[in-house]
Structure formats: C-alpha cells, structure tokens
Amino acid sequence: MYNLQGLIRRGINNTNMQFERLGYISNNIGNMNTTGYKSVRFEQTLDENGYLDGVVRYDYSTGATMRTKRLLDVALTGPGFIPVTSPNGDVKYTRDGSFKVNNEGYLVTNDGYLVGDGIKVPANYQNLRIKKDGTVIILSRSKDTSETIGKIPLVQFQNPEGLKSSEYNKVVATDESGPPMLIKDHQYISQGNLERANTNYIGNVNEVLRLNASMIASTRLIKVVDEMYQKAINLTQ
C-alpha cells in the first residue's frame with residue numbers, strides 16, 4: 001500500500017516538473033521575435049529516490065543582429081545591458097535597443113523607460129549618429145559640425161544568472177547578481193540594428209516533442225498505479 005502511494009506521489013511530482021519545463025520551453029518559442037530576448041532552460045535532476053527536481057538557467061549569449069536602418073535602433077554585439085529608468089525611478093536593465101523619443105524629447109524604451117541618465121534629443125534634428133561606444137551625436141545638415149548630446153551606458157554583472165527577470169524584456173539586479181559595473185572602452189553598440197532572440201527554435205521544438213511523449217507515458221503510468229491501488233483497497237474491505 002505504501003509503495004503504491006509512493007509511486008503515485010513520485011509520478012505526480014515528476015509530471016509536474018515536466019510541465020514546468022514545458023512552460024519554459026514554450027515561452028522560449030513564443031519569444032522568438034522578441035528583440036534581445038534571452039532563452040531560459042530548466043535543468044532537471046533526478047535524486048536517489050527517483051524524484052525529479054529542477055533549476056532555471058538563463059542563456060545570456062549574444063543573439064544574431066538584424067538590420068533595421070532606424071536611427072534610434074541599437075543592437076548590442078557583446079556582453080552587457082543598457083540601464084533604463086522607469087517614470088517611478090526604478091532602474092532596470094535591458095538588451096532591447098528599439099528606442100524612441102518621448103514627448104519631452106528624451107530617448108526612451110518602447111514602454112517609456114528613460115535610457116541611461118537621460119539623453120535629450122533636440123527637436124527637429126536632421127541627423128543622429130550613435131557611435132559604437134554609445135556616444136550620441138547630432139550632425140548638422142552638411143555634417144560639417146556635430147554636437148554630443150549624451151552617451152548610452154553599458155553595464156555588466158559579476159553573476160548574470162543571478163539577475164531577476166522582469167516584465168517587458170528587462171532584468172533587475174539582485175544580491176546574487178551583484179551590483180552593475182560600467183563597461184568602459186567598449187565597441188558593442190551597433191546603430192540601425194536590433195539583436196534577435198538567441199532561442200534555438202528547432203532545438204526547442206524537439207524538446208517539446210520529447211516532453212510530450214514523456215508526459216503521456218508518465219500520466220499513463222500514474223493511471224495504472226492508481227487502478228492497482230484502488231483494487232488493493234477493495235481487496236482489504
């Protein structure tokens with residue numbers, strides 16, 4: 001009786017772990033077209049009693065670059081994050097460089113977060129250049145003169161996997177990630193481009209197919225063991 005109950009508990013636990021893993025994989029597939037998205041993997045472990053457990057890992061490798069030709073689009077071609085500040089003053093970090101200018105003339109993310117410490121773009125500017133080190137320059141019509149209006153900062157963390165995922169494709173620093181450290185003398189910013197998600201579509205689809213087969217087998221096993229358990233109870237009555 002106890003062994004049958006144990007088999008049912010273990011089967012339910014392991015199936016739940018597989019469902020959780022499936023959720024992360026489905027999220028990766030759903031974000032294939034999300035700019036700068038970093039894929040998540042759910043690494044499973046099996047203990048000596050046959051129980052599955054898992055831990056979430058983030059893949060912060062650089063994704064492929066997509067050409068957009070938009071002056072305010074930037075792709076990160078190396079490690080790091082761009083710090084952005086919400087209207088409430090909360091600082092978060094992102095690799096989504098699809099920026100725009102808000103009503104006050106400041107460079108912001110699509111959801112209104114201020115880029116860096118605040119870069120104000122003059123009204124009716126003719127041309128804007130973002131250098132590889134993040135320096136933002138306004139060029140005159142003839143390009144004979146230029147004006148530096150700010151710099152897009154880039155930071156990194158000692159332990160990126162310690163970052164906490166936040167809404168709208170951003171992350172938040174934690175005690176595990178450590179404080180942000182400014183990256184100096186880099187050449188990681190590419191104007192007129194966006195970074196694609198680094199998700200392996202084919203690999204994730206294959207994982208879904210394997211998990212689907214595994215979960216079907218697990219649920220069938222739970223059903224068989226449950227039927228055996230019910231029969232054993234009836235025999236004792």
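This is a predicted model: local features need pLDDT of at least 70, side-chain atom pairs count only at pLDDT 80 or more; totals for chains, interfaces and linings use all residues.
## Notebook: salt bridges, rings and one loop

I opened on a pair of residues: Lys38 and Glu195 are both buried. I then looked at their side chains and found them joined in a salt bridge, 2.5 Å from N to O. The two partners come from distant parts of the chain, 157 residues apart: Lys38 from the loop between helix 1 and strand 1 (40–46), Glu195 from strand 18 (residues 193–195).

**Whole chain.** I stepped back for the overview. I have 2 helices and 18 strands in the protein chain. Of its 237 residues, 41% count as buried. I also checked contacts between residues at least 6 apart in sequence, and 60% of them join residues at least 24 apart. The accessible surface comes to about 13,900 Å², with 49% of that belonging to carbon and sulfur atoms.

My search of the whole structure turned up 9 salt bridges. One of them joins the side chains of Arg21 and Glu207, at 2.6 Å from N to O.

Next I looked at Arg70, which forms a salt bridge with Asp73, the closest N and O atoms being 2.4 Å apart. I checked the cover on each partner. Arg70 is partly exposed because its relative accessible area is 38%. Asp73 has a relative accessible area of 2%, so I put it down as buried.

I also logged a network of salt bridges that links Arg41, Glu43, Arg57 and Glu161.

**Aromatic rings.** How many aromatic pairs does the whole structure hold? I found 5. Tyr24 has a relative accessible area of 26%, so it counts as partly exposed. Phe42 counts as buried because its relative accessibility is 6%.

Then I went to Tyr93 and Phe157, an edge-to-face pair at 5.1 Å centre to centre and 85 degrees between the planes. Tyr93 is in strand 6 (residues 91–94) and Phe157 is in the loop between strand 13 (155–156) and strand 14 (164–166), so the pair ties together parts 64 residues apart in sequence. I checked burial here too: Tyr93 is buried, at 7% relative accessible area, and Phe157 is buried, at 6% relative accessibility. Both rings belong to a cluster in which ring pairs link Tyr58, Tyr60, Phe81, Tyr93 and Phe157.

Where is Asn102 found? I traced it to the loop between strand 7 (100–101) and strand 8 (107–108). A polar atom of the Asn102 side chain lies 2.8 Å from the backbone nitrogen of Tyr106. Asn102 counts as partly exposed because its relative accessibility is 25%.

From Asn102 I took the C-alpha to C-alpha distance to Tyr113 and got 9.7 Å, for residues 11 apart in sequence. What sits over the ring of Tyr113? I found the charged end of Lys170 there, 4.4 Å from the ring centre.

Technical notes:
Residues are numbered from 1 along each chain as its sequence is written. Side-chain values use heavy atoms; hydrogens and water are left out. Helices (H or I, at least four residues) and strands (E, at least two) are DSSP runs, numbered from the N terminus. Buried means under 20% relative accessible area, exposed over 50%, partly exposed in between (1.4 Å probe, protein chains only). Contact means heavy atoms within 4.5 Å. Accessible areas come from the Shrake-Rupley method with a 1.4 Å probe; for residues, only the protein chains shown count as cover. A polar contact is a pair of N or O atoms within 3.5 Å; within protein, one must be able to donate a hydrogen and the other to accept it, and residues adjacent in sequence count only if both atoms are side-chain atoms. A salt bridge is a side-chain nitrogen of Lys or Arg within 4 Å of a carboxyl oxygen of Asp or Glu. Rings of Phe, Tyr and Trp (its six-membered ring) pair if their centres lie within 6.5 Å; planes under 30 degrees apart count as stacked, over 60 as edge-to-face and the rest as tilted. A charge sits over a ring if NZ of Lys or CZ of Arg is within 6 Å of the ring centre and within 35 degrees of the ring normal.
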